[in-house]
Amino acid sequence: MKRSSTDMKVYKFEIFTAIIEKNIRQGVFAPGHKLPSVREIKEQYQLSISTVQNGYAYLLMRGLVESIPKSGYYVTAKPIRPERSEKVKRSPVVRDAVFKKHLELTTSLKSGRKFSEFNVAAPGDLLIPHKLLLRTMQEVIRQQSAGLLRYYPSNGLTELKNRIIQRASAYQSIIDPDELMITDGALQALYIALTSVCNAGDIIAVESPCVFSVLEVIRVLRLKVIEIPVSVSQGFDIAFLRKACQNNSVKAVIVTPNFHNPTGTLLSDEQKQELLSVALRYNVAVIENDIYGDLNFRGERPSTIKSFDESGIVLSYSSYAKTLAPGIRLGWLAAGKFMQRAEQIKFALGSTVSPLYQETVNRLLSRSSYDRHVRSFRMQLARNAYLAVSLLSDYFPDKTAVHVPPGGYNLWVRMPDDTDMQHFYAHCEKVGVRFTPGYTFSFSGTFSKHFRLVFADKFSPERIKAIRLAGLKFR
């Protein structure tokens, strides 16, 4: 990551990282060269262990080195290319999924100082249909009583699955009952999908930027990644994916075609079909995240990649945490031809998803109340999106880049190149506002000038003031 001329802070770890980087770029350290251990660097340069570890983390994020568990740090096996500006197309680079945990940057603070939080991708308290959910849960408890304390079918309540299949058919997504399972939220669905098609060390393609939670699942599974660029204007770079598949043995691609988090982009039907054709050509499983698909601001509900698939190569998943409440841990996975393996993994993770959640969502889907709520929710999100863009336009620097997404939860904001982002986040902390830093959306640290703003809660006067204070200092 290059620092601008106005950002001259020197980190202690640069004492040794500058030398290592120079030797790598000049070819003194060849690909595969083993680098000194943390303890050796500590003793040689009289640094603390944490400083040395931060230095190696810096080199990892730049793609210059890779970490092999129980062995040490090595110069990346791929040749290092000269640094290029973001406008120049990048070549696919396979990186180990090494990632710092940024959990507190993407979750709500439950205690301590109060913040205006725009960093949590979940419906805010004022947009959650509390009365509808609690009333429905009470009905379920009264009628099902002790039956809710028993095991439910491993793959989920049959009636609930049938309703999900029926709803999917409305946007031409045909799901076979034998390929559908109910999961404990979207992340479990993703975990099952990935472990159904990949083993540790396999290469997968992933969107860049990509949401933190997905990157964490990849890290835990010890997969290698190729980051596929996603732009706010063009969406997922399918040509880049094709090139990656030509040059690497890619096992799967994770993609959010409908209202991508964080950019908000929506792929056209033609783009979805083209992506599917690349996957079929190179036998790459498509893991489709459709968690935001119901949250379109205008027009009809968009199609899914699965709606074009007749081969079973697409694994599509979603959940109700984004449309109802984050505490409703209920999702689903249509695993296609990978169902047999997915079923085994699901059973190993826990055979039953909460019967109360299953019965509650089933009852909501059986009535018009869920659709009424989603229509109202979509309208509020659209209003929030336009308001957030207006606030950024009024109070942030003139060269701040942002656009109104066609659906979803997020604004992907790029600050001017001369912005000291460390100073920006420190100022945000001071005035009591939180955004999600762009560097949490990639293994490579590419998006240092970006941040995500989540607009899934009502804009109170305090929240509006927080955005104003965050931006005015930098105008």
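User: Is the crossing of α13 and α15 left-handed or right-handed?

Analyst: This is a predicted model, where local features need pLDDT of at least 70, side-chain atom pairs count only at pLDDT 80 or more, and totals for chains, interfaces and linings use all residues. Residues are numbered from 1 along each chain as its sequence is written, and side-chain values use heavy atoms, without hydrogens and water. Helices are DSSP runs of H or I, at least four residues, and strands are E runs of at least two, numbered from the N terminus. A crossing is left-handed if the near helix is turned anticlockwise from the far one by less than a right angle, and right-handed if clockwise; that of α13 and α15 is right-handed.

User: Which residues of α15 make the contact with α13?

Analyst: Contact means heavy atoms within 4.5 Å. From α13 come L387, L391 and Y395. The partners in α15 are I464, I467, R468, G471 and L472.

User: How many residues apart are the parts that F297 and F455 tie together?

Analyst: Rings of Phe, Tyr and Trp (its six-membered ring) pair if their centres lie within 6.5 Å; planes under 30 degrees apart are stacked, over 60 edge-to-face, the rest tilted. F297 and F455 are tilted, 6.3 Å centre to centre with 55° between the planes. F297 is in the loop between β10 and β11 and F455 in the loop between β16 and α15, so the pair joins parts whose separation in sequence is 158 residues.
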